[in-house]
Amino acid sequence: MKKLIAGAGLLAVLLGTAVSAETLKLVEVITSPERTEVLKGMVDGYKAANPGVDVEIISIPWGQAFETVATMIAGGDTPDVIEMPDTWQALYADQLMPLDERVAAWEHGATLTQKTIDMGKLANGKITMIPYGFYLRAMFYNKKLLAEAGVAEPPKTMDEFMAASEAVSKLDGKYGYCLRGGPGGTNGWIMMAAVMNGSNEFFTADGKSRINEPGSIAGLQFLMDLYQKGYAPKDSVNWGFNEIVAGFYSGTCAFLDQDPDALIAIAERMPAEDFAVMPMPVGPAGKAFPTIGFAGWSVFNSTEHADDAWNLVAYLSSPESNSTWAKRVGVIPIHQGADQDPFFKTEQFKGWFEELNSPDYIPTIMPTYLEQWGYFTSTILKDSAQEALLGQKTAQELGDEWAAFLTDEYGKWKAKQ
C-alpha cells in the first residue's frame, strides 16, 4: 500500500509538472530554411537553460506574414514573442510590452549600442523591440580599380566620390558606380537627396515634402550626373539587386552602396584583400544619411507569461546569440564591442560599424507609414527616375513630381491621426 501511494504521488508530481509547463508562441516572419534552423538552435539553448518552458516556433513566409499575423491577432491567437519588422513597429506599438525597465535591469542592457536603443524606441518613445541587427547602407569599393585609376584613398566626401567615379570610368570597360536604376532603387535616390540637402527629414513642420528643396534637387542631379556622364554602366538604368552586386564582384564598377547581406555573395567571389566597405560619403553639411532597415524581437502585452517571454527575448538578444545570428543572417550586430570579434574586425565590416558609432552618420528610415509608400517606390519613383536618367525629365521636374505625391499622402496620413 505504501508503495502504491508513493507511486501515485510520483505520478501526480509528474503530471503536475507536465500540466504546469508553459509554451511560448514565437512567430518568425522573415523566413528561409537555413535561417529558421539557426533560430531553432538558439531556441533549443533557451529551453535547455529554462526547464519547464517550451517554445513553439511558427515560421510564416514574408509574402504572407502581414496578413497572417493580423488574422492571428484579430482571432485572439496573439503570439507571445514576435519577430517585428521596422515597418510594423508603429502599427503594433500600443500592443507591445514596454521593455525599458527590463532592459535597464538586464545584465547585457548596458552593452546595447545607442542606435539599437534608439531604433527600439522609434515607434512611441518606449523600447517596444530589441532589434537583432541592422540592414544599413554603406559603400563597397574595389581597391584594385581605385589603384589602377590613380585614386590614392577611398573618397570621404561627395565631391571626392564623383571625382573617383570619373577616374575609374576612364579605364577601358570600367565604371565608377553600380547604379540601381531598376527595381528597388529608392534608397539611392533618397540618400543622395538627403546628403546634399543636409537633412533626412521627409517633411517640413507644415507637412510639405522636402524632396524638391534646392539641396535635395542637387542630390537628384548628382545621381543623374553619375549616369549621364558615363560613370555608371549604360544598362544600369534597369539594374536591380542581383545586377548591381554582380557588377561589383565582376569588377565592372568600383563602387556599390548596399547592406551587409550583399557581402555574402561578394565575399564568395572576390578575395578579401581586393575590396572593403567604407561609410557613405558625407555632403556639404559634413553628414551622411545612410538608409537603415532592421527587425527585432518584441513581446505582445497580451502574453500570460511576461517574464518568460522577456527571458526568451533576452536570450536571443544576448551578445553570444546575437553574434551567431548576425553572422548567419547578414546583419550588423547590436552590442558594443562586436566590431572586435575577428569575424567582424575586417575591412569588409569597418564602414558599417563606423556609421553606427559616429554622429556624422544619421540613419534614414523610410516613411513606410504612408499608405501609398509601396506604390510610390515600386512604380512612381522607378518609372520617373528612369525617365530622368535618360534625359526625359530634369531633376527639378522629378523632385516636384515626387513632392506633390508625398505631400498629398502625408496630408492623408496626418488627417487620420
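Predicted model: local features only at pLDDT ≥ 70, side-chain atom pairs only at ≥ 80, totals over all residues.

I started with an open sheet of 4 strands, which has the order 6-7-5-8 and mixed pairing. Strands here are DSSP runs of E with at least two residues, helices are runs of H or I with at least four, and both are numbered from the N terminus. Two strands count as paired if DSSP finds at least two bridges between them. Residues are numbered from 1 along each chain as its sequence is written, and side-chain values use heavy atoms, with hydrogens and water left out.

Which strands stand at the edges of this sheet? I found strand 6 and strand 8 (275-278) there, each with a single partner strand, so one side of each has no neighbour in the sheet. Further in, I looked at strand 5 (residues 138-142) and strand 7 (residues 253-258), which run antiparallel and are joined by 4 bridges. Ala138 stands opposite Gln258 in strand 7. Helix 15 (residues 347-357) packs on the sheet and touches strand 5, strand 7 and strand 8; contact means heavy atoms within 4.5 Å. The direction of helix 15 makes about 0 degrees with that of strand 8. Such angles run from 0 to 180 degrees between N-to-C directions, with axes fitted to C-alpha atoms, for helices over the stretch in contact.

Next, the rings: I have 31 aromatic pairs in the structure. Rings of Phe, Tyr and Trp (its six-membered ring) pair if their centres lie within 6.5 Å; planes under 30 degrees apart are stacked, over 60 edge-to-face, the rest tilted. I picked Phe161 and Tyr177, an edge-to-face pair at 5.8 Å centre to centre with 90 degrees between the planes. Phe161 belongs to helix 8 (residues 158-169) and Tyr177 to strand 6 (residues 175-177), 16 residues apart.

How are the rings of Phe203 and Tyr410 arranged? Their centres are 4.2 Å apart and their planes at 25 degrees, so I logged the pair as stacked. Phe203 lies in the loop between helix 9 (186-197) and helix 10 (214-228) and Tyr410 in helix 17 (residues 395-416), so the pair ties together parts 207 residues apart in sequence.
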